[in-house]
Amino acid sequence: VGVCASPERMCVHTVDHAASAERGAERRPASPERGTKRRPIVLVPGFLGPAWHRDRPTSSRWYNYWGEARTLGTSEAPVLCAWPSGLASLHDRACELFAQIKGGVTDYGVEHSQHFGHARYGRSYDGLFPEWCEANPIHLVGHSLGGQTVRVLQHLLDTNAFAGHRTSAAWVCSVTAINAPLNGSLAAYALGEKEEDAPAVVKFSPGHLLGCLVHLVAFLDVRLAGFDLGLDQWRLSVWKNGPAAFATLREALLERSKIVESADNAAYDATVHSMTAWNRSIATQPACFYFSFVGTGADANLLPPYPDHRNLSSLCLWLSVVVQWVLRRVFLATLAWLSARREYPHLAPYKGFDLNDFREQSDGLCSKHSQRFPVSPMGAAPAAPLPAAGQDIHPGVWYHAEHGQDHMGLVPFPPSQAFQRAFFSRLFARLRALPRPDAGKALCVESHAMANVGLQGVDLPGERACVSLPTFDTGIHVPLAAC
């Protein structure tokens, strides 16, 4: 039995599932220690990202969350896309993420599931990287709420919370957060969360109405534009759960939703209350590398570039991008305005909390303060600006850099494919150059010259990058000259 605790929730993970699951666990050795040269880069979407279902695609011609990033893998660092529920809590998303990467049945934990009133087991997966273990660590890259999701996953690994596997924080080589509300967002309160009584929700607020819509869609078990809610554990479908689903729907619409007004959903986990509680529990690991990319919105008001080849197809694509851009800017500007106009007299989750750190929603949803590095009542995590290529970087430190896009400007709606490709090419090149969490010798990799797209601190030398981690030395040297 593995146990993990947080101030808001206790979860106990066991694997005494159905007999078939038990037999599968017996046949498969727990966490093989054979090392491989592969270190995948796993991408994790944020709030309202589509859940993964084996019979339904997670992208279409109209919606491709990760865009160009999916195409930038190499044989030694393939890019893998995980799809936890876009509406589930950080805990549930982390459990789904583990099952999707390692393979097996999603186990939300017996005490956690009993406490919140949903099923203990979820969907089963073949596994994106079944050989994942301490000898075969991975890079985790999360956008928005995905940035905090990967931190919770590393926390569960660190506490050895997944029974049947000997896990540790060393299963993760690096954590990268893109536009992530590492300290929470005021937007959650603007949408309806009560700052004095979270996770209670204001009746008929946008958040409450969204919750009612989720219940109706899940009750009918339909897919709007192919979007999968991924909330099977709540037994909301009338086709699968019969009269019980009617009772749940009536309670949600007329009384109080056990999902929307509980601490086990994504909206609550985006609040300052929840993030503060998680940051109190989650440790910054001394052997893991941490990066955060902060959206400032400085370039978000620039109209998407006009296509060079002005045929009908490119013009139609450009017009669709412009429409997305207009809708996105209106949506984020409205949220930022709603967040800034409120007073929040009861929002004081910990001693020394400064509301001014959160008021300026620089990317439309999150402040710069919230995106840079985690802060808890015990203090802030070690942090520094991301240095230029050729300078030292250290594990156990949150390195942050700014980009000029808004919350959705890198994914899923970039200003251009070239911009998105340049950003992720440079990011993935840096991740591939990092040593393993327990490495004690030099590692050299090739890198290619990359065009400057106005991002700070993401460049690697144009010829050859050498990353060395001497034994008993936590400093990593990246010399400009060839090694």
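Asn179 sits in the loop between strand S8, residues 172–178, and helix H5. Keep in mind that this is a predicted model. Asn179 has a positive phi of about 50 degrees, and it is not a glycine. Most residues other than glycine have a negative phi. Asn179 counts as buried because its relative accessibility is 0%, and the cut-off for buried is under 20%.

Leu48 is another non-glycine residue with a positive phi, here about 70 degrees. Its loop runs between strand S3, 41–44, and strand S4, 79–81.

Leu210 is in helix H6, residues 206–220, and is partly exposed at 34% relative accessibility.

Next, the prolines. Most peptide bonds are trans. The bond from Ala198 to Pro199 is cis, with omega near 15 degrees, and Pro199 lies in the loop between H5, 187–190, and H6. The bond from Val411 to Pro412 is also cis, with omega near 0 degrees. Pro412 is in the loop between strand S13, 398–403, and helix H14, 417–432.

Last, the cavities. Strand S6, residues 121–125, gives the largest share of the lining, 3 residues. By type, the lining has 7 nonpolar, 4 polar and 3 charged residues.

How values were computed: Residues numbered from 1 in each chain as written. Predicted model: local features only at pLDDT ≥ 70, side-chain atom pairs only at ≥ 80, totals over all residues. Heavy atoms only, no water. Helix = DSSP H or I, 4+ residues; strand = E, 2+ residues; numbered from the N terminus. Nonpolar A, V, L, I, M, F, W, Y, C, P; charged D, E, K, R; others polar. Buried < 20%, exposed > 50% of the residue type's maximum accessible area, 1.4 Å probe, protein only.
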